[in-house]
Amino acid sequence: MTRDLRRARNGAILTFVLGGLLCGSMTVRLPAFSDKLGLSESSVGLTLLVWGLGALVTMQSMRRVMTRFGSRSVLRVGAPLCAATLVLVALAPSFPALLVAAGLFGLAFGALDVAMNAQGSTVERAHGRPLMNGMHAGWCVGAMGAGVIGSAAIAAGLSVTAHLTLVALAALPVLVAVSRSYLPDPAPAAEAGRSGTRHRMPPVVYLLGVIAFCAFMVEGTIADWNGLYLRGTLGAPEAVAALGYPVFEAGMLLARLAGDRIRARFGARGMVVFSGLSTAATFAVVITVPSAPVAVAAMFFVGLSVATVSPVAMSLAGDATRNPGPAIAQTGAMGYAGLLLGPVVIGLLSDLASLRVALGTAVALGVLIALAARFLPRYGTAAPAPARASEHGLTVAA
């Protein structure tokens, strides 16, 4: 491995860590925003919706941007903007100002999310082996770190304004410094000559978008509804109900740390099929057992099962075309729509039936992941195609 490749890999992982930290820092202090601005639960929900829609708008528009500028250029602008707009969120003096700031933060985050996944794909292809799960493990580390730092800030009596501003100001110079390690994407012009069209995506990219949609919808369902299910349906004490999401995230982190080695051993298609079936089986346990502690334990295995699906989908999308950015933008936008739509669907279904019945949607999504993965081509799913070092301007260390 060359020194430049090692720097690029470490830089990509650190970008994922900081992305998780910035995003998680806002969500962990939502109760503080509610107290500071006197927000109702619906107002908090509207803030999250505006943030998510901002991210989705950017993701939907990133195909042309990524084709023209590449992940390195977009990251060098989008990552610092993500930190800067978090400061705007922190300083918002009123609910309307918070909505505007949350929308801007979502727009910047959407660019960061697509570009860092595209950069991860570029680094992965330069290495010629799976790396994307490890990078998404960095996101989990950042999100969990946001929770720890948030708890420490609350214990220290730090205001939400001071807390988020300090996090953003600490992340900003690191994001600027790490941008020097990013690799350039392969030239998009070569893709046009190979496929005969500049903007048409291969059908497999949309199939991977469906798989990512299902995986993100499962993740969103756990994130937003597990506490209410444990407390309201299973009668768990608040302290036990609060364990559901951290336990789920711990399972995701463990799976992503091992995911690249598993993919290299068994191939991506078989891995996604197994992940979909195990997601369905473990979520079925969550919604059928009468015991809250058992359901919490089962959430660990749900996280273990679903964690590798979205990183592998992003990796395969990036490997489907020579220039990974536009394909990842398409797959990422479809996937992120599932993260936004999932909680809404569960809420509607729970009103029509019950929350337990509504959560059965996640079981069906696991089965759908497995079925869709059966249509993935066998070729190109074991490991990323290695790229020539000269495509990225790298020099081989002696």
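Leaving out residues up to four places away in sequence, R72 touches Q119, Y182, L183 and P184. Keep in mind that this is a predicted model.

Where does R72 sit? Look in helix 4, which covers residues 62–91. R72 has a relative accessible area of 28%, so R72 counts as partly exposed. The cut-offs are under 20% for buried and over 50% for exposed.

Now follow the chain along to S181. R72 and S181 are 109 residues apart along the chain. Yet their C-alpha atoms are separated by 9.1 Å.

Let's zoom out. How many helices and strands does the chain have? There are 16 helices and zero strands. Next, contacts along the sequence. Take contacts between residues at least 6 apart in sequence. Of those, 86% join residues at least 24 apart.

What about overall size? The C-alpha trace spans about 60 × 45 × 40 Å along its principal axes. The chain has 398 residues, and a compact globule of that length would have a radius of gyration near 21 Å. The chain has 20 Å, so the two agree.

Of the 398 residues, 55% count as buried. The accessible surface comes to about 16,200 Å². Carbon and sulfur atoms account for 68% of that surface.

Here is a second residue, N117. You will find N117 in helix 5, residues 95–127. The relative accessible area of N117 is 1%, which means N117 is buried. What does N117 contact? Set aside its neighbours within four places in sequence. Then N117 is in contact with F16, M132, H136, M314 and I328.

Hold on to M314 and I328. M314 is in helix 14, and I328 is in helix 15. These two helices meet as well, so let me finish there.

Two packed helices are described by the angle between their axes and the distance between the axes. Helix 14 runs over residues 309–320, and helix 15 over residues 324–352. They pack at an angle of about 140°, with axes 7 Å apart. Helix 14 passes helix 15 in a right-handed crossing.

Which residues meet there? From helix 14, they are A313, M314, A317 and G318. From helix 15, they are P324, A327, I328, T331 and G332. The contact has six nonpolar residues, three polar and no charged.

Note on methods
Residues are numbered from 1 along each chain as its sequence is written. This is a predicted model: local features need pLDDT of at least 70, side-chain atom pairs count only at pLDDT 80 or more; totals for chains, interfaces and linings use all residues. Side-chain values use heavy atoms; hydrogens and water are left out. Axes are lines fitted to C-alpha atoms, for helices over the stretch in contact, and angles run from 0 to 180 degrees between N-to-C directions. Helices (H or I, at least four residues) and strands (E, at least two) are DSSP runs, numbered from the N terminus. A crossing is left-handed if the near helix is turned anticlockwise from the far one by less than a right angle, and right-handed if clockwise. Contact means heavy atoms within 4.5 Å. Ala, Val, Leu, Ile, Met, Phe, Trp, Tyr, Cys and Pro count as nonpolar, Asp, Glu, Lys and Arg as charged, and the others, Gly among them, as polar. The radius of gyration is taken over C-alpha atoms; the globule rule is 2.2 Å times the number of residues to the power 0.38. Buried means under 20% relative accessible area, exposed over 50%, partly exposed in between (1.4 Å probe, protein chains only). Accessible areas come from the Shrake-Rupley method with a 1.4 Å probe; for residues, only the protein chains shown count as cover.
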